[in-house]
Amino acid sequence: MHCPFCRHTDTKVLDSRVAEDGGSIRRRRLCQACDKRFSTVELMQLTVLKRSGATEPFDRAKAIAGARKACKGRPVTEDQLACLGQQVEDALRSEGYAEVPSHEVGMAILAPLRELDEVAYLRFASVYRAFESAEDFEDEIAMLRTERELHAVRPDGPADGPAGPTVDPGVDPAVSG
């Protein structure tokens, strides 16, 4: 570990603490040459197991690049894509894999992309899941509509009664009585 102040390589660990729910270790260090203190964070290496059998370190930028292609021409900002990349990495780390199958990386992208933009989600899913016909798109769109309807009926929890509450978005229930 190089000292960020003098670039000396001889540093001493003063304190180590588990951070981020066990996903990293924070170390307080002292440079033996200049006596300055600094902190480092060690993260678990996230490795992707490709279909060919080769492995490579997880690259958040590659996940974002794939999502960016699906979002081309859509009202999605770079900040939103950066957040999506963080969500994907967090989801993969939380699974506890030593090596993440590449298929799981794609699956981890689908959920946050669906929340971000449905059209981009359909684009990504069509390539990732290898849609072969218009029927594949229709099935996926029907699933999205069903989920949207369920969410509209009960946005914050279980529905009231078997069919759920009926809410007219243009009417304030407190005023209509």
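Modeller: In this predicted model, the axes of helix α4 (residues 118–128) and helix α5 come within 11 Å and cross at roughly 140°, where an axis is a line fitted to C-alpha atoms over the stretch in contact, and the angle runs from 0 to 180 degrees between N-to-C directions. Local features need pLDDT of at least 70 and side-chain atom pairs count only at pLDDT 80 or more, while totals for chains, interfaces and linings use all residues. Residues are numbered from 1 along each chain as its sequence is written, and side-chain values use heavy atoms, with hydrogens and water left out.

Biologist: Why are α4 and α5 called oblique to each other?

Modeller: Angles under 35 degrees count as roughly parallel, over 145 as roughly antiparallel and 65 to 115 as roughly perpendicular, with the rest called oblique. The crossing of α4 and α5 is at roughly 140°, and the two helices are therefore oblique. Their crossing is also right-handed.

Biologist: Which residues make the contact between α4 and α5?

Modeller: From α4 come E118, Y121, L122 and S126, and from α5 come F137, E140, I141, M143, L144 and R148, contact being heavy atoms within 4.5 Å. These residues divide into 6 nonpolar, 1 polar and 3 charged.

Biologist: Is E140 counted as buried or exposed?

Modeller: Buried means under 20% relative accessible area, exposed means over 50%, and partly exposed lies in between (1.4 Å probe, protein chains only). E140 has 9% relative accessibility, so this residue counts as buried. Leaving aside neighbours within four places in sequence, E140 is in contact with Y121, L122, R129 and F131.

Biologist: And what makes M143 partly exposed?

Modeller: M143, which is also found in helix α5, has a relative accessible area of 25%, so it counts as partly exposed. Beyond its neighbours within four places in sequence, M143 is in contact with R114 and Y121.

Biologist: What links E78 with R68?

Modeller: E78 and R68 form a salt bridge, with their closest N and O atoms 2.7 Å apart. This pair links distant parts of the chain, with E78 in helix α2 (residues 78–95) and R68 in helix α1 (residues 60–70), 10 residues apart. E78 is partly exposed, with a relative accessible area of 47%, and R68 counts as partly exposed at 36%.

Biologist: How many salt bridges does the structure hold, and which residues are linked in a network?

Modeller: The structure holds 11 salt bridges, and K50, E56 and K62 are linked in a network of them. K50 counts as partly exposed at 32% relative accessibility, and E56 counts as partly exposed at 25%.

Definitions and conventions
A salt bridge is a side-chain nitrogen of Lys or Arg within 4 Å of a carboxyl oxygen of Asp or Glu. Helices (H or I, at least four residues) and strands (E, at least two) are DSSP runs, numbered from the N terminus. A crossing is left-handed if the near helix is turned anticlockwise from the far one by less than a right angle, and right-handed if clockwise. Ala, Val, Leu, Ile, Met, Phe, Trp, Tyr, Cys and Pro count as nonpolar, Asp, Glu, Lys and Arg as charged, and the others, Gly among them, as polar.
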